[in-house]
Amino acid sequence: METLVRVTDLTRRFGPHTALAGLNLTLARGEVLGLLGPNGAGKTTCLRLLSGNLAPSSGQVEIAGIDLARNPVAAKRLLGYLPERPPLYQDLRLDEYLQFCARLHRVPRAKTADAVAEAKHRCGLDGLGRRPIAKLSKGFRQRLGIAQAILHRPPLLILDEPTEGLDPVQVREVRNLVRELSRDSGVIFSSHILPEVQAVCNRVAILHRGRLLRGDHLAAHQSALIWRLRLSAPAHCASLAALACVAAATSLPDERIRVVLKPDAGPEELTRQLVAAGLGLQELTPERSDLERVFFDLIGAEERT
Amino acid sequence: MILTIAGRELRGGLVTPLLWVLLGASQVVLAWVFLKVVDDFSGLGADERVASLSLEVALNLFGFAAVIAMLAAPLIAMRMLSAEFRDGSFDLIGAAPIHLYTVVLGKFLGTAALLTPLCLLPALNLTLLAGTAHLDLGLCAAATLGLWLAALMFGAIGLYTASLSDQPGAAVLAAFGLLLLFSIIGRAQDLSIPGLSLFGWLAWNEHLFWFLLGAVRVSDLAYFLLFTGFFLALTHRRLANRRLA
């Protein structure tokens, strides 16, 4: 697969404070990389460095083989960037703003109208072209920020918390949009919402205190072994523990029961046995996702040291 | 690309009230000065007049307009950089495939375009006298040119201070400080060795004075263009260094 971004030993210091230390990353076309980390982990610094808004203290960023520090104009042609705060001009109307962005990114004049219309359509901004940006709500501003980033169809898309301030419907639409865009471009996006990263990304980089803890592919469909369930009739843990696939069962204060499965068993097996035993299953949820477990294990391990 | 950025600044400037308030307030003040000059002049007998009406008007009206431009330029320039740093909209330009010098020139062109109507206001007031008094058109043209060049320099200084801070208020105050220093630095001449008038040369009002007398001297042109260029270069340097901060 073609390497779109190569980050080598990227370090950024703000005075005595090291915001990012020795980051190494690669991203291929068609990949979605989720940048995860608690607040202050260095996610935004990392994305600002990748967008060329900040110069690294040391290290190198290459976009499609072009060094961002040596040839910033050529490298920046390939990227679309949504910063933490959408970079909007309050005094313009929505269409005027997008047309200005199209000119900045050198979209040919003949194609500007189409590009603007398509970006607006993809971000659910149809019919708002005459609206002054100062009068847009937070969610619409965020959408406009995304529209601005995808307007010129960049091969590399850098999104800093793109779903911030959006309603649940729009969050889902943005996820679909990111998946759609990742077909022909690479996407890096930061978030502190774990399910979101799990839903969209095929790779995750976990940052903590400026250091990369893990930059792996997400293990797909690896089933978790700890489940929480609720039954229609109050049942004793013992009747659950008696099931063939259950290793242990404990009742929780909220009338749910926590079940640990045997290593070779999956949720299908558990459901089948629950139904067969006539226990009246009402709810079944995984206790913690893989990513969550990995995240907390890594961050926790880090904080103990 | 320079024109794209200048166009956006111009559009942004025209739809916000700041420019219109500045123009309105300036016109009220200039009209008052104009009335005072004409009134004083017409009250004197022909033998008491020491200078022509054109010269009186140029020195007072254009001189006062320069002071207004000095106050207005930092206010207009602060929007272009300082307020953009604060609102985060500068990130759009920071991630766009354009050279920094195009950003500086575009913003400067936008500032110049917004300051130009202010520089034309005195000449516009003078058209009231057309037909009733003999005015020296060459003198008016020279004074307008001088005022415009001074405004460009103020704009460049405003842009430079706007690039220093993401607090627009601080940027404006810094510009006022710098501009006031450039206004009074000529007075320090008395302190230095007589004959060596470096401080006198540094003051913008000394150079504008010659334009207001109707003399377009290369040395004065060079002064304004040199300092405009100097502060634009400093702005460029500052924007380049901002990525390192």
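Tutor: We'll go through the chains, their contacts and a few residues in turn. Keep in mind that this is a predicted model.

Student: OK. How many helices and strands does chain A have?
Tutor: Chain A has 10 helices and 14 strands.

Student: What box do the C-alpha atoms of chain A fill?
Tutor: Roughly 70 × 45 × 35 Å, taken along the principal axes.

Student: And what share of chain A is buried?
Tutor: Buried residues are 39% of the 305 residues in chain A.

Student: How about contacts in chain A: what share join residues at least 24 apart?
Tutor: Take contacts between residues at least 6 apart in sequence. Of those in chain A, 69% link residues at least 24 apart.

Student: Now the sheet. What is the strand order in the open sheet of six strands in chain A?
Tutor: The order is 6-7-8-3-9-10, and the pairing is mixed.

Student: Which strands are at the edges?
Tutor: Strand 6 (79-82) and strand 10 (211-214) of chain A. Each of these two pairs on one side only.

Student: How are neighbouring strands of this sheet turned against each other?
Tutor: By 20 degrees on average, ignoring direction.

Student: Pick a pair inside it. How do strand 7 and strand 8 of chain A run?
Tutor: They run parallel. Strand 7 covers residues 156-160, strand 8 covers residues 186-191, and five bridges join them. For one example, look at Leu156(A): its bridge partner in strand 8 of chain A is Gly186(A).

Student: What about strand 12 and strand 13 of chain A: parallel or antiparallel?
Tutor: Antiparallel. Strand 12 (residues 246-251) and strand 13 (residues 257-261) of chain A pair over five bridges. Ala249(A) has Val259(A) as its bridge partner in strand 13 of chain A.

Student: What sits between the strands in that hairpin?
Tutor: Five residues. Within the hairpin, Glu255(A) takes a positive phi near 65 degrees.

Student: Is Asp9(A) buried or exposed?
Tutor: Exposed, because Asp9(A) has 12 C-beta neighbours inside 10 Å.

Student: And where does Arg153(A) lie?
Tutor: In the loop between helix 5 (138-150) and strand 7 of chain A. Phi of Arg153(A) is also positive, near 50 degrees. Arg153(A) counts as partly exposed because 15 other C-beta atoms lie within 10 Å.

Student: Switching to chain B. How do helix 7 and helix 11 of chain B pack?
Tutor: At an angle of about 15 degrees, with their axes 8 Å apart. Helix 7 spans residues 137-164 and helix 11 spans residues 218-242. That angle makes the two helices of chain B roughly parallel. Their crossing is left-handed.

Student: Which residues meet there?
Tutor: Among them are Leu149(B), Met153(B) and Tyr160(B) in helix 7 of chain B, and Phe224(B), Phe231(B) and Arg238(B) in helix 11 of chain B. By class, the contact has 15 nonpolar, three polar and one charged.

Student: Then helix 3 of chain B. At what angle does it cross helix 7 of chain B?
Tutor: Roughly 25 degrees, and the axes come within 8 Å. Helix 3 covers residues 53-80 of chain B. Helix 3 and helix 7 of chain B are therefore roughly parallel. This crossing is right-handed. The contact divides into 22 nonpolar, four polar and no charged residues.

Student: And helix 2 with helix 3 of chain B: roughly parallel or roughly antiparallel?
Tutor: Roughly antiparallel. The axes of helix 2 (residues 17-43) and helix 3 of chain B cross at roughly 160 degrees and come within 10 Å. Their crossing is right-handed.

Student: Who meets whom?
Tutor: Helix 2 of chain B supplies residues including Leu22(B), Val29(B) and Phe41(B). From helix 3 of chain B come residues including Glu56(B), Phe64(B) and Ile76(B). By class, this contact has 18 nonpolar, two polar and one charged residues.

Student: Last thing. How many residues of chain B are in contact with chain A?
Tutor: 18 residues of chain B, and they contact 23 residues of chain A. Helix 1 (2-15) and helix 5 (90-94) of chain B each supply at least two residues of chain B's side. The largest share, five residues, comes from helix 1 of chain B. By class, that side of chain B has seven nonpolar, seven polar and four charged residues.

Terms used
Residues numbered from 1 in each chain as written. Chains lettered and ligands numbered in written order. Predicted model: local features only at pLDDT ≥ 70, side-chain atom pairs only at ≥ 80, totals over all residues. Contact = placed C-beta atoms within 7 Å. Helix = DSSP H or I, 4+ residues; strand = E, 2+ residues; numbered from the N terminus. Nonpolar A, V, L, I, M, F, W, Y, C, P; charged D, E, K, R; others polar. Pairing = 2+ DSSP bridges. Axes fitted to C-alpha atoms, helices over the stretch in contact; angles between N-to-C directions. Parallel < 35°, antiparallel > 145°, perpendicular 65-115°, else oblique. Left-handed = near helix turned anticlockwise from the far one by under 90°. Buried ≥ 20, exposed ≤ 12 C-beta atoms within 10 Å, placed from the backbone.
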